[in-house]
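Thanks for making time this morning.

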Amino acid sequence: MTPRTTTEIPSDLRAAFEQFPFQGAEGLHTPELGNVEKTYLSDCIDSGFVSSVGAYVDRFESELASFAGAGFAVATSSGTTALHLALLAAEVKPGDLVVVPAITFVATANAVAHCGAKAVALDVEEESMGLDPKGLFEFFDSETTRGPDGTRLHTATGAVARAVIAVHVLGHPCDIVAIAEVCERFGVPLLEDAAESMGSFVDGIHTGLFGFAGIFSFNGNKTITTGGGGCVVTNNPLVADRVRHLGTTARIPHPFEFDHDVVGFNYRMPNLNAALGCAQLERLPALLTAHQEIYRSYLRHFGGVDSVEVVSQPQGRQSNYWLQAIRLRRGGRKARDAVLSLGAELGIPMRPLWKPIPLVEAYRDGVHGHIPVATSIYDSVVCLPSSPAILRSSSPPLLGAGT
Ligand SMILES: Cc1ncc(COP(=O)(O)O)c(C=O)c1O
């Protein structure tokens, strides 16, 4: 049974939810699919090339690289496998440490664990909800020393801090320029988990291109989808080659012989999924515009409600506004849960942010930092329906019918 919540929610906030602009929204984020997708999928099936080799994979990679302004894009079976391959390309080994932000989807930490390494979660900053560059600096400065080969050795465990992963939460760019400077200063490779931030830029540069590599996810709930899929973007040809090699069973090129120089993975994106991706890329500009419109609608709707603030892009950085969210100014976890319960009562799909990594059962025994900011963000943020389709359900409709 849904707990009674009436007393804990300010009346203007309750009223705002009762007059929610997108009644009938299904799920937090559903994909936009139509005739273009059907045409490309049907063409792909007719070609017979449905697996991991085919013209759509090549085209998707080249169009992705061109959209992001990246030298290379390597399509993968998911964002998680893209992270795994990128970490392996940075030579993350069993026993190493990799710094991650406390606020991220668990896949970021999972990819570290898949390398046999340990995720060290550090606190995030208030504005972007991303890794705090000051905390990162302090971690390297006070908790690591320079090893003989230039790597950073973690004093407490003796392990090598091999890489840092920065995440652009809900599509909002973190302070990636400052994070990149800290990584540079301490000589630690930077990987960007841009799973959620396709179409987000900092200083005109696409998120994902500030370190040695970045990754996108094309899971069904992302801005564009390939059903399931991801990619690694990089400007470094050696990284692109390594990712491609490891993701295709590390096969040594040969006209007919099968030999493999290391233990590789079958992580390539199938042509069928890439066909869907090519169709989705054609929609991307319209989808990005729709996400901005949904954000502006929420801003108008919740603008006068004193107890909440609509989560907005950090000053001076351009967000794709993938997933909309509000932050409760008061009341902590109890107030958040009351709002989530009200959503359940009213049939509005809402959810909390992910549990901070140090609180996730699988990662509780890690050597994490103190995370007061991450905890307060987790306690106060509520994600709202963000599918472009909801613009059609608003009255008057803000979006035309899909093609
Ligand atoms: C921040 C973040 N990292 C990684 C992933 C993993 O991507 P995928 O689901 O494609 O494996 C996701 C999304 O699912 C994500 O939101």
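Let me begin with a question: in what order do the strands of the open sheet of 4 strands run? Please keep in mind that this is a predicted model. The order is 12-14-16-15, and the pairing in this open sheet is antiparallel. Strand 12, residues 308–310, and strand 15, residues 351–352, stand at the edges with a single partner strand each, so each of them has one side left without a neighbour in the sheet. Strand 12 pairs with strand 14, residues 325–328, over 3 bridges in the antiparallel sense, and within that pairing Val 310 has Ile 326 of strand 14 as its bridge partner.

The crossing of helix 1 past helix 10 is right-handed. On the helix 1 side, the residues that meet helix 10 are Leu 13, Arg 14, Phe 17 and Glu 18, and they face Val 339, Leu 342, Glu 345 and Leu 346 of helix 10. By residue class, this contact of helix 1 with helix 10 divides into 5 nonpolar, no polar and 3 charged.

There is also an open sheet of 3 strands, in the order 9-8-13 and again with antiparallel pairing. Here strand 9, at 205–206, and strand 13, at 317–318, are the edge strands, and each has a single partner strand, so one side of each is left without a neighbour in the sheet. Strand 8, residues 201–202, pairs with strand 13 in the antiparallel sense over 2 bridges, with Val 202 standing opposite Arg 317 of strand 13.

Finally, the ligand: which residues are closest to it? It is surrounded by 15 residues, of which the closest are Thr 80, Asp 193, Glu 196, Ser 217 and Lys 222. Asp 193 places a polar side-chain atom 2.7 Å from a nitrogen atom of the ligand, while a polar side-chain atom of Ser 217 lies 2.7 Å from a ligand oxygen atom. For Lys 222, an N or O atom in the side chain is 2.9 Å from an oxygen atom of the ligand.

Conventions. Residues are numbered from 1 along each chain as its sequence is written. This is a predicted model: local features need pLDDT of at least 70, side-chain atom pairs count only at pLDDT 80 or more; totals for chains, interfaces and linings use all residues. Side-chain values use heavy atoms; hydrogens and water are left out. A crossing is left-handed if the near helix is turned anticlockwise from the far one by less than a right angle, and right-handed if clockwise. Contact means heavy atoms within 4.5 Å. Ala, Val, Leu, Ile, Met, Phe, Trp, Tyr, Cys and Pro count as nonpolar, Asp, Glu, Lys and Arg as charged, and the others, Gly among them, as polar. Two strands pair if DSSP finds at least two bridges between them. A residue is near a molecule or strand if one of its heavy atoms lies within 4 Å of it. A polar contact is a pair of N or O atoms within 3.5 Å; within protein, one must be able to donate a hydrogen and the other to accept it, and residues adjacent in sequence count only if both atoms are side-chain atoms.
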